[in-house]
Amino acid sequence: MTTIDWDAAADSFDEEPDHGLHDPVVRSAWARRMESWLPTARSAVLDLGCGTGSLSLLVAGQGHRVTAVDRSPRMAEHARAKLAGTGTEVLVGDAARPPVGGQRFDVILARHTVWLLPDPAAALRHWFSLLRPGGRLLLIEGVWNGTGLSAARLTALLHEHTERVHHEPLSGDSLLWGKEVDDERYALVARAEPPRRHREVVDVHLVLRRGSDVLLARRAGTGYADGLLHAPSGHAEDGEDVRAAMIRETAEEIGVELDPDELRVALVMQHRGPGGNPRTGWFFEVDLDPARPPRNAEPDKCSELGWYPLHALPDDMVAYCRAALDAYRAGQRFLVHWHEDTDAVAYEPRGIRRAVPLPVAAAPTGRLHHLELWVPDLAEADAEWGWLLGRLGHLPYQRWSHGRSWRRGDSYVVVERSPDGAGGRHDRLRPGLNHLAFHVRDRDTLDTLVADAPGHGWRLLFPDRHPYAGGSGHYAAYLENTAGYEVELVAP
């Protein structure tokens, strides 16, 4: 379009919800996005192709110093009226070569501007020269009815200047546009930084155990995943090892002073949130000391603390934390959890699983691969074994018409109603399998399992000698299910 075209459009330009931002819902949606894209400190922002100045007004209202440029004198006139009293300078000029002399900026903002330029590559090169070191280029673009600039094409142009380009899809947020849209709309945030070695934040997470329960905190007022549950956590500071970081964060968040000897490594996970940078997380297991009960020591960041069964975690959790605790329960110790940009931060029960367990190097010879039990009634076995193995940390693994399996680490247990079976009830007193034995982490957990077992098809054997039916000093429970299979649970 020519300058005359934009001049002619100026008087009606703000009629589009995302142009004028008259609707408080639309305006609020853009304000939240701008807060997430712009620096928290007061910064010098150059708004190129500013139109009637609606985004410049939001940016100025968030405390930044704004210079706005548009090639249409009529658009600039509207922008000056809208921005009066904010200290914003509005200039008439070409966005590709803005008339700012030797000024340098912390942020250059351009919405729906790059696709109109005759030479986008040359414009981007010049814009980067106007940024201060570490500054950012914020580009909001899209493709409308086949016209525009795709995110892939614009990202490729940016890679000549920086390795740090964050892509954020916007099409799915109807609040930004005042309506549902089905075309490609997005934001790219590019940093004016030279290529550098890859670095990651190291974060630490507390798995505080109270028997079979784990402590979770509901995030609030942090700007990330607020309203969702997460383990008490934080990140290591410069010069701090992960143990020291975990001890410090535990004291700061839940008021519990830990000793280094109390920490046990539960899991190490490399993870990436939607649109974020990779991080490496260390999860530490600690047993609750009743003499040091946790409390909400950061009410400005946490709305509540609560205990939740590890075998029945709630769904309203941060996705990577839920994946880590599921893996921890299943005996996995190393994990990669890599979100796509379009994934949700929250755990989605029916969503794509991003967790990839990493096997631990070890000589496999002699380790148990799997154990298979033939059962007379598959539905009954599914319910009874599924409950017990789930409580012991096994996760559902395979499912077919005649069988089921549950996995923990690199071993699994199978129950199958095989068509080749000879029939009859299992007799543990005859030659063959007598019983299976499983570790249980502590005596409280074992006692809870014994109390719950009758409701799931298991009865306690040798009740008159429980919990020492296996001998003094051997704290264990012996359970038998409907089909006659015996399981021994052993606690330290």
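1. A salt bridge is taken here as a side-chain nitrogen of Lys or Arg within 4 Å of a carboxyl oxygen of Asp or Glu. By this rule the count comes to 34 salt bridges. The model is predicted, so local features need pLDDT of at least 70 and side-chain atom pairs count only at pLDDT 80 or more, while totals for chains, interfaces and linings use all residues. Residues are numbered from 1 along each chain as its sequence is written, and side-chain values use heavy atoms, with hydrogens and water left out.

2. Asp-14 pairs with Lys-82 in a salt bridge whose closest N and O atoms are 2.8 Å apart. The two lie 68 residues apart, Asp-14 in the loop between helix H1 (3–9) and helix H2 (17–20), and Lys-82 in helix H5 (residues 73–82). Helices (H or I, at least four residues) and strands (E, at least two) are DSSP runs, numbered from the N terminus. Asp-14 counts as buried at 17% relative accessibility, whereas Lys-82 is partly exposed at 23%. The cut-offs are under 20% relative accessible area for buried, over 50% for exposed, and partly exposed in between (1.4 Å probe, protein chains only).

3. Helix H5 also holds Glu-77 and Arg-74, which are three residues apart and so separated by about one helical turn. They form a salt bridge with closest N and O atoms 2.9 Å apart. Glu-77 is partly exposed, with a relative accessible area of 44%, and Arg-74 is partly exposed at 27%.

4. A salt bridge joins Glu-480 to Arg-459, the closest N and O atoms being 2.7 Å apart. Glu-480 lies in strand E24 (residues 476–481) and Arg-459 in strand E23 (residues 458–460), so the pair ties together parts that are 21 residues apart in sequence. Glu-480 counts as buried at 8% relative accessibility, and Arg-459 as partly exposed at 47%. Elsewhere, Glu-237, Glu-240, Arg-248, Glu-249 and Glu-252 are linked in a network of salt bridges.

5. A nonpolar core is a set of buried Ala, Val, Leu, Ile, Met, Phe, Trp, Tyr and Cys residues joined through side-chain atoms within 4.5 Å. The largest such core has 30 residues, of which Trp-127, Leu-137, Leu-139, Leu-154 and Leu-158 touch the most other members. Elements giving two or more residues to this core include helix H6 (120–129), strand E5 (131–144) and helix H7 (151–158). Not counting residues up to four places away in sequence, the contacts (heavy atoms within 4.5 Å) of Leu-137 include Ile-108, Trp-127, Leu-158 and Leu-188. A second, separate core of 28 residues includes Leu-378, Leu-446, Tyr-485 and Val-487.

6. The second largest pocket has a volume of about 1,000 Å³. A pocket is an open set of points on a 1 Å grid over the protein atoms alone, where a 1.4 Å probe fits, with protein on both sides within 12 Å along at least five of seven lines; lining residues have an atom within 4 Å of a point. Grid points are joined across faces, edges and corners, and the volume is the space filled by probe spheres set on the points. The lining has 46 residues, with Asp-326, Ala-327, Gln-332, Pro-357 and Leu-395 nearest the centre. Among the elements giving two or more residues are helix H10 (319–329), helix H11 (378–391) and strand E19 (395–400). H10 supplies the largest share, six residues.

7. His-394 lies in the loop between H11 and E19. His-394 counts as buried at 7% relative accessibility. Not counting residues up to four places away in sequence, His-394 touches Arg-329, Leu-389, Trp-406, Arg-407, Arg-408 and Phe-438.
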